[in-house]
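Welcome to the tour! Open your viewer, get ready to select residues by number, and follow along one stop at a time.

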Amino acid sequence: LSIFIPKNIFRYTDVNSYPEQAISFLKTLPLSENIFNEYAWGGYLIWKIPERKLFIDGRMPSWRKDGQFIFGDYIEIIEAREGFQKNLDKYNVKIMLLNNKTIKDSALRKQKMERNNDFISFLRKYRWLPFLNTYSGGDIYNELINSGWQTVYLDDVATILKR
């Protein structure tokens, strides 16, 4: 069993790229609503809003729950892989705190893969690279918007969506 870990998942996050302005908005939302947060922001959020239960932080890549790899669920969601909505339902996620860079990166990655899919299909058809795997993720922001989520907060660093 192998798992694809996206490039930059452990990237260094400078102080100007933390969701500092979004914190005050998050404090207005009910604590009972589960939040999905960016992996790189977990420690910062624990520091700034310790009362809020988070989806993931830097300690969690090794955590398992009932034999399941929670970090794998995080990857499926953040990359909007097919069926990612089932994980949002499983964890009863009502709030998404996304880095605007992630939104931009996922949209660009999806566009690139869509352009390359014809070529990859051609290679597979003629068995030149039968082992070639295509990226099966999507654009997380647009996937959420298309399934009824609403953007409730936006600044230069972060976007918050709610179901």
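Begin by selecting Glu33 and Lys162: both are buried, a word that here means under 20% relative accessible area, with exposed meaning over 50% and partly exposed lying in between (1.4 Å probe, protein chains only). Before you move on, note that this is a predicted model, in which local features need pLDDT of at least 70 and side-chain atom pairs count only at pLDDT 80 or more, while totals for chains, interfaces and linings use all residues. Residues are numbered from 1 along each chain as its sequence is written, and side-chain values use heavy atoms, with hydrogens and water left out.

Stay with this pair and show the side chains. Those of Glu33 and Lys162 form a salt bridge (3.0 Å, N to O); the term means a side-chain nitrogen of Lys or Arg within 4 Å of a carboxyl oxygen of Asp or Glu. Glu33 sits in the loop between helix H1 (20-26) and strand E1 (34-37), and Lys162 in strand E6 (residues 158-162), so the pair ties together parts that are 129 residues apart in sequence. Helices (H or I, at least four residues) and strands (E, at least two) are DSSP runs, numbered from the N terminus.

How many salt bridges are there by this rule? The count comes to 5. Let's visit two others.

Select Asp89 and Arg163, whose side chains meet in a salt bridge (2.8 Å, N to O). This pair also links distant parts of the chain, with Asp89 in helix H4 (residues 84-90) and Arg163 in the segment after E6, 74 residues apart.

Now pick Glu79 and Arg81, where another salt bridge joins the side chains (3.1 Å, N to O). Glu79 counts as buried because its relative accessibility is 1%, and Arg81 is buried too, at 17%.

Next, colour helix H3 (residues 70-78). How many of its 9 residues are buried? The helix is mostly covered, with 8 of them buried, including Phe71, Asp73 and Tyr74. After H3, find Ala80, whose phi is positive, near 50°.

For the last stop, select Thr102 in helix H5 (residues 100-125). Thr102 counts as buried because its relative accessibility is 10%. Its side chain makes a polar contact with the side chain of Glu38 (2.9 Å). A polar contact is a pair of N or O atoms within 3.5 Å; within protein, one must be able to donate a hydrogen and the other to accept it, and residues adjacent in sequence count only if both atoms are side-chain atoms.
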